Amino acid sequence: MARWRVGVDSGGTFTDVCLFDEDDGRVEVWKVSSTPDDPSRGIAQGVEEGMRRVAPEAAQPGAPITYFGHGTTVATNALIQHRGVKTGLVTTDGFRDLLEIGRQKRPDLYDMQADKPPTLVPRDLRFQVAERVRHDGRIDAALDEDAVRAAARALKAAEVKAIAVSFLYGFIRPEHEARAVAILREEMPEVFISAGHEIAPEFREFERLSTVVLNAYLGPVMRRYIERLTPRLRDLGMTATPHLTQSNGGVIGFGTAAAMPVRAVLSGPSTGVVGAQAIGELAGFPDLITFDMGGTSTDVALLNGGQCKLASEATVHGYPIKAPMLDIHTVGAGGGSIAYIDGGGLLKVGPRSCGADPGPVCYGRGNTEPATTDANVVLQTLNPEYLLAGRMKIDQSLAKGAIAGMAERLGLGVMETAQGIISVVTANMARAIRVISIQRGYDPRDYTLMAFGGAGPLHAARLAIELDMKRVLVPRNPGILCAMGLLLTDLRADFAATRLMPATEASVADVAQAFEGLEARAEEWFAHEEIAPGDRGLTRTADIRYAGQNYELPVPLPPGPVTAETIAALAAGFTESHRQRYGFVAEEEPIQLVTLRLEATGRVAKAKLASHPDAGPDATGAIIGKREVWFPEAGGFVETPIYSRDALHPGNRFVGPAIVEQMDTTTVVLPGMTARVDSYLNLILEVAA
């Protein structure tokens, strides 16, 4: 009997399932509509249907599922929609209002009307207690335990469901925070409690406070979700230990995810980058810009030499989060993004989305505002009759009617308006890619665009032309790459310690001691996750800046013991990174080490993608029909061959215009483009020189 590894990515519109047979390398995929009211229901349905319909042998009682990985948008959606729980805060005397004061920066420097996101803890639920630790670890004032008990009783009377504890220098000496947490748990054992030294033990008081408040705010939501999902998986007969994706691209157990939901805010997008990294390496394209377009948003990232940089801090939907995450940039542009005409009479698209329910107008579920998907259905780049290989019927006439109303207001034709929607979406996505490339010193023309997500291949060709990129790589199963990425990633945990010190030989002993402490914490994690010694890996980095700078750059440590040469190598690495990012170096300025980081990796057995023999260039056997498709490059409708992705074989070649259909996505090949299939069944589009 086959042994199966299962990856599930639960998005805002669709839930994707990837099944991998460990014995023969077979990959099977399935896709169902998400269930926003209870995402665990859609996951269970997707796994059950996928196993029964595409791998019936896996649905038999006792079928060995050796691994279950899961990416989710539960935490993200709860944050976007502000559906977390009623949360309280206990902090150092004098810092009650820090959560609102922040950095005193407007979200947009020149927008005088810019709105700040809502404060997640109202002022009457923020309590300050006497305690003070100095920056060097000395205690100036002991913790007022009576004040903590009084705060606990007031919060209990207010019926809060979660409490955040964050003291000014809790990351230097955590004793006060730990004691406050103990008191709160004595008084309120049923409440979810987060402490700064456990969630974000780093300097910068506002960002640390924001992170621990977010963790508390989302904690009961994630815990409730996991409590619902676990029995559903058990009912399917699944005995494998389930794992959840982190924002850093690794996976953690459900228990850790329930305690640290803030580390899963970018759970879904991160696995797409992991999958892209593995496929790009096999295909021979290590320098990638990933383009993951789903139903609600588009996520982009840059991989240089096959590696995506890790950010130690990010702002997600207006809230700073100090947690390791892959450097992914997100914009509100997806298949469900709604088109509208603004007050100035201009066509705009997104970030508002119609989601899975009611979905685009063509779904026929009551929506009357056209979305990006409706524009593609009208242009007939998408099949005008059905999606998901016939499983989901759609109504093109409804989409045409909605776009016709918009066209009349704009004074344009229906087709020109539909194409205008696509052009606006393309511009939005190109702007996102410029943020992670040009604005950081990288030329997108030097990279291959890897398109995935349900809508990525549909828009990739035009996006590549917009950015003057010459090559697009579409993996074999782009619509479920995030789910597949779950089968290609390792267990991972990140540990950090802030230690402000000069990047000189005098700091060797302090740096070595700090890493010894981090390694001890990593060893505890290895033991907790039951990772065999031979499967353990450690990677060290340091966040470095010029003394007085506000922000740091991460620099990897060379292997081996920490010596004077190690510090010199860090300084040299920082100088080169600074030149890359900012275009200059300040040779006279002292260099300062800020935060030391340790990434612990527990290697697990992964899906292995198989290579296939060359079948020759003739792709005509994959043509399953023709239809009229609107191509502005050709001046209107063009009779276009439709290729079945399932019938394309390694070595096959064809030229655009062409449409490639498969269950999980549609790929558009523009006029003048060439397409070929490589040995790993990737579809590679190239722009004519």
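## Helix α4 and its cap

Let's start at one end of a helix: Asp 144 caps the N-terminal end of α4, with a side-chain oxygen 3.2 Å from the backbone nitrogen of Asp 146. Keep in mind that this is a predicted model. Helix α4 itself covers residues 145–157, and at 1.5 Å a residue its 13 residues should span 18 Å; the end C-alpha atoms are 19 Å apart, which agrees. Just after α4, Glu 159 takes a positive phi of about 60°.

Which residues of α4 are buried? They are Val 148, Ala 151, Ala 152 and Leu 155. These four sit on the same side of α4, because they cover an arc of only 105° around the axis. What do they pack against? Their partners are the strands β5 (87–92), β6 (126–129) and β9 (162–166), along with helix α5 (175–187). Turn to the face of α4 that points away from this buried side, and you'll find the exposed residues Asp 146, Arg 153 and Ala 157.

In soluble globular proteins, nonpolar side chains tend to be buried together. Here, the largest nonpolar core has 133 residues, and Phe 291, Leu 449 and Phe 654 touch the most other members.

Leaving aside its neighbours within four places in sequence, Phe 654 is in contact with Ala 619, Tyr 643, Leu 648, Val 660, Val 669, Met 673, Thr 674, Ala 675 and Leu 683.

## Cysteines and a buried threonine

How many disulfides does the structure hold? The count is 0. Take Cys 362: the closest cysteine sulfur, in Cys 354, is 8.5 Å from its own, too far for a bond.

Is Thr 373 buried or exposed? With a relative accessible area of 12%, Thr 373 is buried. Its side chain reaches the backbone oxygen of Gly 335 at 2.8 Å.

Most residues other than glycine have a negative phi, and most peptide bonds are trans. Now for some exceptions. The peptide bond from Gly 350 to Pro 351 is cis, with omega near 0°, and Pro 351 belongs to strand β22 (residues 347–353). Another cis peptide bond joins Gly 656 and Pro 657, where omega is about 10°. Pro 657 is in the loop between β33 (653–655) and β34 (658–662).

Then there's phi. Ala 389 isn't a glycine, yet its phi is positive, at about 55°. You'll find Ala 389 in the loop between β23 (386–387) and β24 (392–393), and it is exposed, with a relative accessible area of 57%. Glu 530, again not a glycine, has a positive phi of about 55°. Its place is in the loop between α15 (508–528) and β28 (536–546). Glu 530 is exposed as well, with a relative accessible area of 72%.

Note on methods
Residues are numbered from 1 along each chain as its sequence is written. This is a predicted model: local features need pLDDT of at least 70, side-chain atom pairs count only at pLDDT 80 or more; totals for chains, interfaces and linings use all residues. Side-chain values use heavy atoms; hydrogens and water are left out. Helices (H or I, at least four residues) and strands (E, at least two) are DSSP runs, numbered from the N terminus. The expected span of a helix is 1.5 Å times one less than its number of residues. Buried means under 20% relative accessible area, exposed over 50%, partly exposed in between (1.4 Å probe, protein chains only). The arc is that of the directions from the helix axis to the C-beta atoms. Contact means heavy atoms within 4.5 Å. A polar contact is a pair of N or O atoms within 3.5 Å; within protein, one must be able to donate a hydrogen and the other to accept it, and residues adjacent in sequence count only if both atoms are side-chain atoms. A nonpolar core is a set of buried Ala, Val, Leu, Ile, Met, Phe, Trp, Tyr and Cys residues joined through side-chain atoms within 4.5 Å. A disulfide is a pair of cysteine sulfur atoms within 2.5 Å.
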